[in-house]
Amino acid sequence: MLVTPLLVGALAAGPSAVHLPLALFWFAGYLAFFATGLWLRSRRRARYRPPVLAYTAVAAALGAVVLVLDPGLVRWVPLLVVPLGVGLYASVRREDRSLWSGLATSVGSSLMTVVAYDAGGGTDPVRAWVLTAVLAAYFAGTVFYVKTMIRERGSARYRRWSVAYHATATVAMAWVSWPLVVVFAVLTLRAALVPRHRLAPVAVGVGEVVATVAVAVTALLTT
(Lines give C-alpha, C1' and ligand atoms only; values in the text may rest on other atoms or scores of the structure.)
Protein backbone atom coordinates (compact mmCIF):
# COMPACT_ATOMS: atom_id res chain seq x y z
CA MET A 1 0.00 0.00 0.00
CA LEU A 2 2.98 2.28 0.52
CA VAL A 3 5.06 1.37 -2.54
CA THR A 4 2.47 0.57 -5.21
CA PRO A 5 0.78 3.98 -5.68
CA LEU A 6 4.14 5.72 -5.98
CA LEU A 7 5.44 3.12 -8.43
CA VAL A 8 2.28 3.06 -10.55
CA GLY A 9 2.20 6.85 -10.83
CA ALA A 10 5.87 7.02 -11.75
CA LEU A 11 5.63 4.25 -14.35
CA ALA A 12 2.48 5.72 -15.90
CA ALA A 13 4.10 9.13 -16.41
CA GLY A 14 7.68 8.00 -16.89
CA PRO A 15 10.48 8.20 -14.30
CA SER A 16 11.96 11.61 -13.52
CA ALA A 17 14.71 13.01 -11.30
CA VAL A 18 12.24 14.13 -8.66
CA HIS A 19 10.87 10.63 -8.12
CA LEU A 20 13.84 9.53 -5.98
CA PRO A 21 13.57 12.32 -3.39
CA LEU A 22 9.78 12.01 -3.58
CA ALA A 23 10.05 8.31 -2.72
CA LEU A 24 12.44 9.04 0.15
CA PHE A 25 10.09 11.74 1.42
CA TRP A 26 7.13 9.36 1.17
CA PHE A 27 8.85 6.65 3.20
CA ALA A 28 10.18 9.12 5.77
CA GLY A 29 6.72 10.63 6.01
CA TYR A 30 5.25 7.20 6.67
CA LEU A 31 7.77 6.57 9.44
CA ALA A 32 6.93 9.96 10.94
CA PHE A 33 3.22 9.14 10.71
CA PHE A 34 3.72 5.73 12.32
CA ALA A 35 5.90 7.14 15.11
CA THR A 36 3.41 9.95 15.76
CA GLY A 37 0.56 7.46 15.92
CA LEU A 38 2.47 5.38 18.45
CA TRP A 39 3.21 8.50 20.52
CA LEU A 40 -0.45 9.55 20.45
CA ARG A 41 -1.65 6.08 21.43
CA SER A 42 0.75 6.15 24.39
CA ARG A 43 -0.93 9.34 25.65
CA ARG A 44 2.13 11.36 24.57
CA ARG A 45 4.68 9.62 26.75
CA ALA A 46 8.09 11.28 26.52
CA ARG A 47 9.95 8.12 25.57
CA TYR A 48 8.01 7.90 22.28
CA ARG A 49 8.77 11.50 21.29
CA PRO A 50 12.36 11.23 19.90
CA PRO A 51 11.40 9.10 16.87
CA VAL A 52 8.59 11.54 16.09
CA LEU A 53 10.99 14.48 16.06
CA ALA A 54 13.68 12.62 14.11
CA TYR A 55 11.46 11.22 11.36
CA THR A 56 9.50 14.45 11.04
CA ALA A 57 12.73 16.42 10.61
CA VAL A 58 13.97 14.03 7.93
CA ALA A 59 10.61 14.10 6.13
CA ALA A 60 10.54 17.91 6.25
CA ALA A 61 14.04 18.15 4.80
CA LEU A 62 13.23 15.71 2.00
CA GLY A 63 9.94 17.49 1.34
CA ALA A 64 11.89 20.73 0.92
CA VAL A 65 14.16 19.04 -1.63
CA VAL A 66 11.13 17.81 -3.56
CA LEU A 67 9.60 21.28 -3.66
CA VAL A 68 12.86 22.84 -4.80
CA LEU A 69 12.97 20.41 -7.70
CA ASP A 70 9.25 20.72 -8.49
CA PRO A 71 7.50 23.59 -6.65
CA GLY A 72 4.19 22.79 -8.35
CA LEU A 73 3.81 19.62 -6.28
CA VAL A 74 2.84 21.76 -3.28
CA ARG A 75 -0.70 21.87 -4.66
CA TRP A 76 -1.20 18.26 -3.61
CA VAL A 77 -0.52 18.92 0.07
CA PRO A 78 -4.14 19.84 0.96
CA LEU A 79 -5.31 16.62 -0.68
CA LEU A 80 -3.31 14.53 1.79
CA VAL A 81 -4.21 16.52 4.89
CA VAL A 82 -7.65 14.93 5.43
CA PRO A 83 -6.61 11.24 5.40
CA LEU A 84 -3.52 12.14 7.45
CA GLY A 85 -5.69 13.91 10.00
CA VAL A 86 -8.15 11.02 10.16
CA GLY A 87 -5.33 8.56 10.75
CA LEU A 88 -3.84 10.62 13.58
CA TYR A 89 -7.27 11.21 15.11
CA ALA A 90 -7.78 7.44 15.11
CA SER A 91 -4.50 7.06 17.00
CA VAL A 92 -5.65 9.60 19.60
CA ARG A 93 -8.77 7.50 20.13
CA ARG A 94 -6.73 4.28 20.00
CA GLU A 95 -8.84 3.15 17.06
CA ASP A 96 -6.07 3.05 14.46
CA ARG A 97 -7.02 -0.53 13.60
CA SER A 98 -10.67 0.34 13.10
CA LEU A 99 -12.43 -0.05 9.78
CA TRP A 100 -12.85 3.70 9.25
CA SER A 101 -9.21 4.39 9.99
CA GLY A 102 -8.04 1.66 7.63
CA LEU A 103 -10.23 2.98 4.82
CA ALA A 104 -8.97 6.54 5.32
CA THR A 105 -5.30 5.56 5.28
CA SER A 106 -5.72 3.25 2.28
CA VAL A 107 -7.38 6.01 0.26
CA GLY A 108 -4.78 8.52 1.44
CA SER A 109 -1.95 6.25 0.37
CA SER A 110 -3.54 5.76 -3.06
CA LEU A 111 -3.47 9.52 -3.64
CA MET A 112 0.30 9.28 -4.09
CA THR A 113 -0.48 7.82 -7.53
CA VAL A 114 -1.61 11.15 -8.92
CA VAL A 115 1.23 12.98 -7.14
CA ALA A 116 3.87 10.69 -8.63
CA TYR A 117 2.21 10.99 -12.04
CA ASP A 118 2.37 14.77 -11.84
CA ALA A 119 6.01 14.60 -10.68
CA GLY A 120 6.82 12.61 -13.80
CA GLY A 121 5.35 15.26 -16.05
CA GLY A 122 2.32 13.21 -17.03
CA THR A 123 -0.06 14.98 -19.38
CA ASP A 124 -3.25 12.93 -18.96
CA PRO A 125 -4.84 13.85 -15.61
CA VAL A 126 -7.88 11.67 -16.35
CA ARG A 127 -5.68 8.58 -16.57
CA ALA A 128 -3.87 9.60 -13.38
CA TRP A 129 -7.14 9.86 -11.47
CA VAL A 130 -8.46 6.60 -12.91
CA LEU A 131 -5.31 4.79 -11.76
CA THR A 132 -5.68 6.43 -8.35
CA ALA A 133 -9.32 5.35 -8.13
CA VAL A 134 -8.52 1.76 -9.12
CA LEU A 135 -5.82 1.46 -6.46
CA ALA A 136 -8.02 3.14 -3.85
CA ALA A 137 -10.82 0.69 -4.65
CA TYR A 138 -8.45 -2.24 -4.36
CA PHE A 139 -6.71 -1.16 -1.15
CA ALA A 140 -10.02 -0.28 0.52
CA GLY A 141 -11.12 -3.81 -0.28
CA THR A 142 -8.03 -5.25 1.38
CA VAL A 143 -9.09 -3.57 4.63
CA PHE A 144 -12.27 -5.65 4.62
CA TYR A 145 -10.61 -8.81 3.37
CA VAL A 146 -7.67 -8.83 5.79
CA LYS A 147 -10.02 -8.25 8.71
CA THR A 148 -12.04 -11.31 7.72
CA MET A 149 -8.80 -13.30 7.70
CA ILE A 150 -7.27 -12.11 10.98
CA ARG A 151 -8.87 -9.70 13.46
CA GLU A 152 -12.50 -10.40 12.47
CA ARG A 153 -12.03 -13.99 11.43
CA GLY A 154 -15.30 -15.87 11.80
CA SER A 155 -17.43 -12.72 11.66
CA ALA A 156 -20.27 -13.32 9.22
CA ARG A 157 -21.02 -9.60 9.18
CA TYR A 158 -17.53 -8.62 8.05
CA ARG A 159 -17.53 -11.37 5.45
CA ARG A 160 -20.81 -10.05 4.00
CA TRP A 161 -19.42 -6.53 3.95
CA SER A 162 -16.25 -7.73 2.24
CA VAL A 163 -18.07 -9.68 -0.47
CA ALA A 164 -20.56 -6.86 -1.06
CA TYR A 165 -17.78 -4.30 -1.32
CA HIS A 166 -15.73 -6.38 -3.77
CA ALA A 167 -18.79 -7.16 -5.89
CA THR A 168 -19.62 -3.44 -6.10
CA ALA A 169 -16.02 -2.60 -7.02
CA THR A 170 -16.12 -5.27 -9.72
CA VAL A 171 -19.16 -3.66 -11.32
CA ALA A 172 -17.49 -0.25 -11.10
CA MET A 173 -14.47 -1.55 -13.02
CA ALA A 174 -16.70 -1.98 -16.09
CA TRP A 175 -16.25 1.78 -16.57
CA VAL A 176 -12.47 1.32 -16.57
CA SER A 177 -11.54 -1.89 -18.42
CA TRP A 178 -12.82 -5.43 -18.76
CA PRO A 179 -9.51 -7.00 -17.70
CA LEU A 180 -9.90 -5.15 -14.40
CA VAL A 181 -13.44 -6.50 -14.12
CA VAL A 182 -11.95 -9.99 -14.32
CA VAL A 183 -9.29 -9.23 -11.72
CA PHE A 184 -11.82 -7.75 -9.30
CA ALA A 185 -14.20 -10.65 -9.91
CA VAL A 186 -11.42 -13.00 -8.80
CA LEU A 187 -10.90 -10.81 -5.74
CA THR A 188 -14.63 -11.09 -5.00
CA LEU A 189 -14.40 -14.87 -5.14
CA ARG A 190 -11.40 -14.70 -2.85
CA ALA A 191 -13.36 -12.55 -0.40
CA ALA A 192 -16.18 -15.11 -0.41
CA LEU A 193 -14.20 -18.35 -0.27
CA VAL A 194 -10.79 -17.90 1.33
CA PRO A 195 -12.01 -16.67 4.77
CA ARG A 196 -13.64 -20.08 5.23
CA HIS A 197 -10.15 -21.49 5.69
CA ARG A 198 -7.59 -20.76 8.39
CA LEU A 199 -4.41 -19.33 6.89
CA ALA A 200 -1.26 -18.12 8.60
CA PRO A 201 -0.75 -14.34 8.48
CA VAL A 202 2.29 -14.81 6.26
CA ALA A 203 0.16 -16.68 3.72
CA VAL A 204 -2.38 -13.85 3.78
CA GLY A 205 0.46 -11.39 3.19
CA VAL A 206 1.85 -13.33 0.24
CA GLY A 207 -1.61 -13.47 -1.28
CA GLU A 208 -1.91 -9.70 -0.89
CA VAL A 209 1.38 -9.18 -2.73
CA VAL A 210 0.19 -11.31 -5.65
CA ALA A 211 -3.18 -9.53 -5.79
CA THR A 212 -1.53 -6.10 -5.61
CA VAL A 213 0.79 -6.89 -8.51
CA ALA A 214 -2.15 -8.19 -10.56
CA VAL A 215 -4.21 -5.06 -9.98
CA ALA A 216 -1.30 -2.66 -10.58
CA VAL A 217 -0.06 -4.31 -13.78
CA THR A 218 -3.55 -4.71 -15.21
CA ALA A 219 -4.38 -1.08 -14.44
CA LEU A 220 -1.18 0.16 -16.08
CA LEU A 221 -1.71 -1.94 -19.20
CA THR A 222 -5.41 -1.31 -19.74
CA THR A 223 -6.09 2.31 -18.73
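Trainee: Is tyrosine 30 buried, partly exposed or exposed, and why?

Mentor: Start with the cut-offs: buried means under 20% relative accessible area, exposed means over 50%, and partly exposed is in between (1.4 Å probe, protein chains only). Tyrosine 30 has 36% relative accessibility, so it counts as partly exposed. Bear in mind that this is a predicted model, where local features need pLDDT of at least 70, side-chain atom pairs count only at pLDDT 80 or more, and totals for chains, interfaces and linings use all residues. Residues are numbered from 1 along each chain as its sequence is written, and side-chain values use heavy atoms, leaving out hydrogens and water.

Trainee: Where does tyrosine 30 sit?

Mentor: Tyrosine 30 is in helix 2. Helices here are DSSP runs (H or I, at least four residues), numbered from the N terminus.

Trainee: Which residues form the nonpolar patch on the surface?

Mentor: A patch takes residues with over 30% relative accessible area and no salt bridge; like charges are joined within 9 Å, and nonpolar side chains (Val, Leu, Ile, Met, Phe, Trp, Tyr) within 5 Å. A salt bridge would be a side-chain nitrogen of Lys or Arg within 4 Å of a carboxyl oxygen of Asp or Glu. Here the nonpolar patch is made of Tyr30, Leu31, Phe34, Leu38 and Tyr55, with about 430 Å² of accessible area together (Shrake-Rupley method, 1.4 Å probe). Helix 2 gives the most to it, with 4 residues.

Trainee: And which residues gather in the patch of positive charge?

Mentor: Lys and Arg count as positive, with the place of a charge taken as NZ of Lys or CZ of Arg. On the surface, Arg43, Arg44, Arg45, Arg47 and Arg94 gather in such a patch. Arginine 44 lies in the loop between helix 2 (19–41) and helix 3 (49–69), and at 45% relative accessibility it counts as partly exposed.

Trainee: What does arginine 44 touch?

Mentor: Contact means heavy atoms within 4.5 Å. Not counting residues up to four places away in sequence, arginine 44 touches Trp39 and Arg49.

Trainee: Now a residue in helix 5: is serine 109 buried or exposed?

Mentor: Serine 109 is in helix 5, and its relative accessible area is 8%, so it is buried. Leaving aside residues up to four places away in sequence, serine 109 touches Met1, Leu2, Pro5 and Trp26.

Trainee: Which residues of helix 1 are buried?

Mentor: In helix 1 (residues 3–13), they are Thr4, Pro5, Leu6, Val8, Gly9, Ala10 and Ala12. Their cover includes helix 2, helix 5 (99–110) and helix 10 (201–222).

Terms used: Helix = DSSP H or I, 4+ residues; strand = E, 2+ residues; numbered from the N terminus.
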